[in-house]
Amino acid sequence: MSVGPVVVSLFLIAGGAAVTRVLARRLSSDPRVSLILLTSFGLRVAVAIALYSISALRLPILPHLHMEDGFWRITRDAQAYHWLSIAIAESMRWGTEYPLFRYFGDPDFPILVAAVYRLIGAHPLYIPLLNALCWTGVLALVYALADRLNGPRGAIAATAVVAFWPSSFIWSGQLMKDSVILLLVLGLLTQFVVTFDRGWGSPRTVLGWLGFLPLAFLMTRMRFYLVPLGLAAAAVVVAGRMLWPMRKSDLGEMIDPRADPAKRLFDQARGYHLDE
C-alpha cells in the first residue's frame, strides 16, 4: 500500500472508532454496551486488514482462495463490485455514460460504492472498513429497539448476538451491502416505534416518514423482497407492543365472548405510549 491509502485507512479506522464510542455512550451508560460495540468494530477492522493482507501479499494461508487485488474467492462479489464501481466513478468524474449492468442487476449498490470512491479514492480496503462502521449503526438500532421491547438486559443480549454473528465477519465483512440493507430494515422498524411514541399527528413523525421513503425505495432496489418482509416484521412488532402491556384481566376481557375484542384492542392501542 502506498502512503495515500494508508492515511485514508487510518482516518477511517480512527473516525469509525470515535463514532462507535460516542454512539455507545449515547445508547447507555452501561460499560458492557461500549465493550460490545467497540469490540465488534475492532474485530471487523482486524479481520478486514488480515484478509486483505493475506491475499494481497500472497501469504501461504489458504492460497487456493486468493484472488487479485487482495480479494477472496469466498466473497468474489466484492471484487466484481470493486472494479465496476471504479468504472462508475470514472464516469461520474468525466460525465460519461455508466457501464452496462448485465450480471449485477440493479446498479444502486455499485453506484453507492462509486460515490465513496469518488469522494475518498478507490482501494479494496475502504469498503470493508466503512462496513465496520455501518455495523456499528446496525448494533445501535438493535440495542435501541430491543431496549424498548425487553429492557436493558434483553437489549445487551440481542446486541451481543448480532455483534458477534460469525458469518457477518467473513461473507458480510467484505461487502457493505448487507450492513446497509440491515440499516434500512431496522430504520423502518424504528420509524414505526417512533411513530407510536409521538403519534401520527406529530410534524416530526410526518417528516420522518417523508425522509424514509427514498430509503425504502433504495431498500426495494437492493433486495426487492425486503419491503414486504419489513412491513410484516413491523406489523408483528406493533401488534406485540400493543398487546404486551395489557393486564391479564384485559386479555381475559378481550377473549370474553361477551366483549367486543376489536373495540378493546383499539382502546388499548389508542391509549398506549412507549414511554409507559
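Analyst: Two residues are in contact when heavy atoms of theirs lie within 4.5 Å. By that rule, and leaving aside its neighbours within four places in sequence, Y143 is in contact with L27, S28, V33, P152, A155, I156 and T159. The model is predicted, so local features need pLDDT of at least 70 and side-chain atom pairs count only at pLDDT 80 or more, while totals for chains, interfaces and linings use all residues. Residues are numbered from 1 along each chain as its sequence is written, and side-chain values use heavy atoms, with hydrogens and water left out.

User: Why does Y143 count as buried?

Analyst: Buried means under 20% relative accessible area, exposed means over 50%, and partly exposed is in between, with a 1.4 Å probe and protein chains only. Y143 has 4% relative accessibility, which is why the residue counts as buried. Y143 is placed in helix α5. From Y143 to A157 there are 14 residues in sequence and 8.9 Å in space, C-alpha to C-alpha.

User: What makes N131 count as buried?

Analyst: The relative accessibility of N131 is 1%, so this residue counts as buried. N131 is found in helix α5, and beyond its neighbours within four places in sequence it is in contact with S172, G173, L175, M176 and S179.

User: Why does V116 count as buried?

Analyst: V116 comes out at 14% relative accessibility, so it counts as buried. This residue lies in helix α4. Not counting residues up to four places away in sequence, V116 touches G121, I127 and L130. V116 and L130 are 14 residues apart in sequence, and 9.6 Å separates their C-alpha atoms in space.

User: What is the secondary structure of the chain?

Analyst: It comes to 11 helices and zero strands. Both are DSSP runs numbered from the N terminus: helices are H or I with at least four residues, strands are E with at least two. Of the 276 residues of the chain, 41% count as buried. Among contacts between residues at least 6 apart in sequence, 62% join residues at least 24 apart.

User: Which residues have the most contacts inside the largest nonpolar core?

Analyst: They are F109, I127, L130 and M176, in a core of 28 residues. Helices α2 (31-56), α3, α4, α5 and α7 (177-198) each supply at least two residues of this core, and α5 gives the most, with six. A second, separate core has 10 residues, including Y143, A146, A155 and A163. The name applies to a set of buried Ala, Val, Leu, Ile, Met, Phe, Trp, Tyr and Cys residues joined through side-chain atoms within 4.5 Å. In soluble globular proteins, nonpolar side chains tend to be buried together.

User: With which residues is M176 in contact, leaving aside its neighbours within four places in sequence?

Analyst: M176 is in contact with F109, L112, I127, L130, N131 and C134.

User: How many cavities of 30 Å³ or more does the structure hold?

Analyst: The structure holds four. A cavity is a set of points, on a 1 Å grid over the protein atoms alone, where a 1.4 Å probe fits but cannot get out, and lining residues have an atom within 4 Å of a point. The largest cavity has about 80 Å³ of space, a volume being the space filled by probe spheres set on points joined across faces, edges and corners. Its lining includes F71, Y81, H82, F109, I127 and Q174. Helices α3 (76-94), α4 (108-120) and α5 (126-163) each supply at least two residues of that lining.

User: What makes a salt bridge of D30 with R32?

Analyst: The term needs a side-chain nitrogen of Lys or Arg within 4 Å of a carboxyl oxygen of Asp or Glu. The closest N and O atoms of D30 and R32 are 2.8 Å apart, and a salt bridge is formed. The structure holds one salt bridge. R32 has 46% relative accessibility and therefore counts as partly exposed.

User: Why is L62 called partly exposed?

Analyst: L62 has a relative accessible area of 44%, so it is partly exposed. It lies in the loop between α2 and α3. L62 has a positive phi of about 50 degrees although it is not a glycine. D69 lies in the loop between α2 and α3, with phi near 65 degrees, a positive value in a residue other than glycine. At 32% relative accessibility, D69 counts as partly exposed.

Conventions. On a 1 Å grid over the protein atoms alone, a cavity is a set of points where a 1.4 Å probe fits but cannot get out, and a pocket is an open set with protein on both sides within 12 Å along at least five of seven lines; lining residues have an atom within 4 Å of a point.
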